[in-house]
Amino acid sequence: MNTGNKGKPRMRFLLFLFLQLGMITLVHANTSLVDSVKSKVETIWTQGDVVGYLPLYTYHMPYAYPPEKLDQYTDIPLGLGIGKGLYNNRGNWEGLYAMTFRDSHGVYQYMAGYGWIPTWNLSSNGNWRVGAGATVFMMSRKDIFNYIPFPGLLPVGSLGYKNLSLQTSFVPGGDGFGNVLFTWAKWTFK
């Protein structure tokens, strides 16, 4: 019976058409995503306020490190950062930043990224705020890939009063690495 062979080209054509429609949809979705990111970055850059960052403290969780290692690490990250940020129409903070600071070994590391922190007012005048969100970034460190940049995603907590915010992020890890609370101050210049 040759009727089965006649159906194969039709099935191949339908499969080809389905794959092409899928590819077109994927390209369109990625174009929309790229356009959305581009628009967000442009809005932050043109409408955002200048923001300064001051790394304050690195807390190594004692359960993850032997005491002799903890004694070798620095808790004061010494560094600076700058960026642009704004509160969007939903009241959430969004910003772009670049920062450098000393890692636990006292060696400078570099990072740049985007932060998004949903924020809630704690006072009727909006002076006190609390927030919890995330940051996505590129980082380079000597002890990880010898300064070749790598991506990261971390949670961020924030407590703010007027132009000043104290923010912290937890770096997860295992036995002898990670498990760090990194805290910095953020000042918005208005």
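Select S169 and P155: a polar atom of the S169 side chain lies 2.6 Å from the backbone oxygen of P155. The model is predicted, so local features need pLDDT of at least 70 and side-chain atom pairs count only at pLDDT 80 or more, while totals for chains, interfaces and linings use all residues. Residues are numbered from 1 along each chain as its sequence is written, and side-chain values use heavy atoms, with hydrogens and water left out.

S169 sits in strand β8 (residues 164–171); strands are DSSP runs of E, at least two residues, and helices are runs of H or I, at least four, numbered from the N terminus. S169 counts as buried because its relative accessibility is 3% (buried: under 20%; exposed: over 50%; partly exposed: in between; 1.4 Å probe, protein chains only). Show its contacts (heavy atoms within 4.5 Å) beyond four places in sequence: L154, P155, V156, V180, L181, F182 and W184.

Next, select Y53, Y97, M99, F101, M111, F137 and M139, which touch the most other members of the largest nonpolar core, a set of 15 residues. Such a core joins buried Ala, Val, Leu, Ile, Met, Phe, Trp, Tyr and Cys residues through side-chain atoms within 4.5 Å. β3 gives the most to this core, with 4 residues. Centre on M111: beyond four places in sequence, M111 touches Y97, A98, M99, F101, F137, M138 and M139.

Last, select L78, in the loop between α2 (67–72) and β2 (79–87). Is L78 buried or partly exposed? L78 counts as partly exposed because its relative accessibility is 44%.

Conventions. A polar contact is a pair of N or O atoms within 3.5 Å; within protein, one must be able to donate a hydrogen and the other to accept it, and residues adjacent in sequence count only if both atoms are side-chain atoms.
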